Amino acid sequence: MSYPFQIKSPDEYNKAYKQSIDDPEAFWAAVAETFLWKKKWDKVLAWNFREPDVKWFINGKLNITENCIDRHLISSGDKPAIIWEPNDPKEESRTLTYSELHYSVNQFAHVLRNNGVKKGDRVCIYMGMIPELPIAMLACARIGAIHSVIFGGFSAQSISDRLQDAGAECIITCDGAYRGGKDIPLKNVIDDALVTCPFVKKVIVYTRTHTPVSMTKGRDVWWGDEIKKVEEMRYAEIPAEEMDAEDPLFILYTSGSTGKPKGVVHTSGGYMVYTTYSFVNVFQYQPGDVHFCTADIGWITGHTYIVYSVLCAGGTSLMYEGLPTWPDAGRFWDIVDKYKVNILYTAPTAIRSLMAYGLEPLKGKDLSSLKVLGTVGEPINEEAWQWYDEHIGKKKCPIVDTWWQTENGGILISNMAGITPSKPSYATLPLPGIQPALMDEHGKEIEGNDVSGNLCIKFPWPSMIRTTYGDHERCRVNYFASYPDMYFTGDGCYRDSNGNYRITGRVDDVLNVSGHRIGTAEVENAINMHTGVIESAVVGYPHDVKGQGIYAFVIFDNVHEDVELSRKDIMQTVSRVIGPIAKPDKIQFVNGLPKTRSGKIMRRILRKIAEGEMSSLGDTSTLLDPGVVDEIVKGKI
Ligand code: PRX
């Protein structure tokens with residue numbers, strides 16, 4: 001497969017960028033032409049950011065799975081589409097060629113149909129990192145059902161909230177999932193979630209770990225049995241459902257500054273066009289390259305850069321079931337060596353945790369196949385960048401620092417590997433079609449270079465969020481109300497004297513823990529569910545490996561004489577309500593929280609204390625009880 005839109009020099013980047021600004025519609029139409037459409041669009045774009053109402057490739061009809069799979073069958077049917085490395089290195093790996101993927105997706109699409117799933121239905125997927133996860137997603141897309149993948153680390157309560165919000169009546173899960181030395185009982189978690197979701201009609205369970213599970217008659221079915229039925233019916237291809245470019249492809253829940261995660265909705269046409277464009281250009285993908293994105297498919301990075309964009313480009317996507325450090329810290333390097341990986345895309349938190357093991361795990365591993373390295377999820381510190389460059393890329397692989405968000409669908413700001421220059425800890429330049437703006441606190445755009453402000457995007461791009469599921473107003477308020485006619489990212493940003501962008505972190509009450517977004521309000525809500533908790537306030541603090549850690553200040557009714565036990569109780573509560581990923585790293589019991597006379601918690605002060613910057617707490621005289629602050633400072637952990 002060739003990529004007519006692949007940029008090959010700095011000049012071509014400049015030219016493409018200029019075209020994309022001067023005539024965005026012609027620019028994106030030319031990219032979109034290279035895909036398979038059932039019917040071409042009538043108009044490329046209609047938009048306003050006030051409502052917001054954004055539509056790309058209006059009246060265009062397509063099915064993304066034909067672009068991900070069918071169109072590669074003749075030229076590349078025998079090429080590996082997905083290579084899967086299991087958690088346990090002793091277990092056999094699996095490879096699915098494009099033909100095999102086509103077969104499996106069609107079979108499972110039949111299973112979904114047989115179980116009553118129709119176009120537009122929401123299907124929740126809660127699985128480990130096994131090939132059946134992308135197969136399930138693609139099977140949904142094949143018949144026009146909207147998938148909502150939930151990360152395996154979320155609790156029953158979180159799943160229940162998401163199922164109710166999405167109104168999902170079908171769930172696809174596994175008996176369990178392997179992660180390092182653990183076996184996570186996914187079906188049991190689903191059973192707990194379903195106590196509060198009687199509207200769920202079908203649960204399809206794939207056998208992975210042989211963990212004992214309870215199967216409810218009439219509701220729960222085994223993946224394997226359902227496939228057998230399809231085989232008995234004699235396999236026939238399912239024609240890909242004709243979807244409108246603006247029909248939803250998936251919902252993915254993400255945290256914001258309120259207590260409740262929001263369902264970000266992405267649509268078929270624009271998502272397909274932009275994500276593939278970004279994949280081919282940022283990573284400079286060449287046919288035959290093995291692309292290893294280490295993210296979990298439960299997050300947007302996995303959706304886009306393990307599944308959809310790589311397959312649309314006819315590429316080979318390597319997916320790994322386990323952890324970077326199990327059974328030892330050389331696991332990633334073994335995988336790179338074994339499969340001759342060409343592109344490695346991971347998170348700064350993974351790099352930092354592997355750095356801590358020194359160079360021993362790298363010994364004897366051949367990393368010479370690597371051509372491009374990528375990072376995503378949080379700002380990468382210079383030390384981690386240099387280590388990645390020197391010890392993994394051996395100073396010959398460009399590093400792409402890719403900035404984007406769940407709401408963006410694909411990478412918005414990044415250098416292009418070997419084409420535009422990298423700069424440690426800078427995402428550098430916007431991709432064609434992306435018009436960043438830095439805004440001051442009065443809502444005015446800050447022009448020129450060597451300036452900082454809140455990062456907004458001025459013009460729509462094809463894979464942007466269309467709505468938050470079931471609550472469009474929430475989408476407007478969250479992203480489009482802070483600055484009129486702009487999409488507000490929630491990130492702070494610096495633009496250097498050469499126009500390179502450096503993301504400085506969230507400016508709202510959203511934490512970024514190990515590259516995962518968690519709202520402080522969400523964690524506070526969870527902590528407050530514990531019977532002994534009167535009030536709590538959660539802030540972030542710098543953490544050597546995770547980037548940010550979670551620091552909770554808690555007013556507790558009756559702290560146990562074993563203080564640690566009370567802390568563990570709170571951790572357990574958070575694990576139950578959200579999931580282990582949101583457990584606070586530090587819990588400090590306090591008698592009061594710093595509040596203004598109007599009762600608002602002064603988080604700025606708590607943040608400074610958590611960061612250990614006691615000398616710069618600022619003016620505390622407006623507090624209701626300034627004495628509270630001294631006490632908190634004294635008790636800091
Ligand atoms: O703060 C930014 C940070 O991650 C946030 C988006 O999180 P999420 O929607 O979970 O998506 C993560 C993966 C796309 C952003 O608002 N972020 C993401 N990438 C970078 C980053 N911060 C700095 N540099 C990056 N490359």
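Predicted model: local features only at pLDDT ≥ 70, side-chain atom pairs only at ≥ 80, totals over all residues.
Let's start at the ligand. A shell of 17 residues surrounds it, and the closest are D401, T402, T406, D491 and R517. Where does the shell come from? Helix α11 (300–312) and the strands β20 (399–402) and β25 (501–506) each supply at least two of its residues.

Now look at some individual contacts. In the side chain of D401, an N or O atom sits 2.7 Å from a nitrogen atom of the ligand. Over at N512, a side-chain N or O atom is 3.3 Å from an oxygen atom of the ligand. So how much of the ligand does the protein bury? On its own the ligand exposes 540 Å², and the protein buries 96% of that.

Next, find helix α12, residues 331–339. This helix is largely enclosed by the rest of the structure, because seven of its nine residues are buried. Buried means under 20% relative accessible area, and the residues in question are R331, F332, W333, I335, V336, D337 and Y339. What do they pack against? Their partners are the strands β4 (80–85), β16 (290–293), β17 (316–320) and β18 (343–346), plus the helices α13 (348–355) and α14 (382–392). After α12 comes K340, with a positive phi near 50°.

Conventions:
Residues numbered from 1 in each chain as written. Heavy atoms only, no water. Near = heavy atom within 4 Å. Polar contact = N/O pair within 3.5 Å; in protein donor to acceptor, adjacent residues only side chain to side chain. Areas by Shrake-Rupley, 256 points an atom, 1.4 Å probe, with all protein chains shown as cover. Helix = DSSP H or I, 4+ residues; strand = E, 2+ residues; numbered from the N terminus. Buried < 20%, exposed > 50% of the residue type's maximum accessible area, 1.4 Å probe, protein only. Contact = heavy atoms within 4.5 Å.
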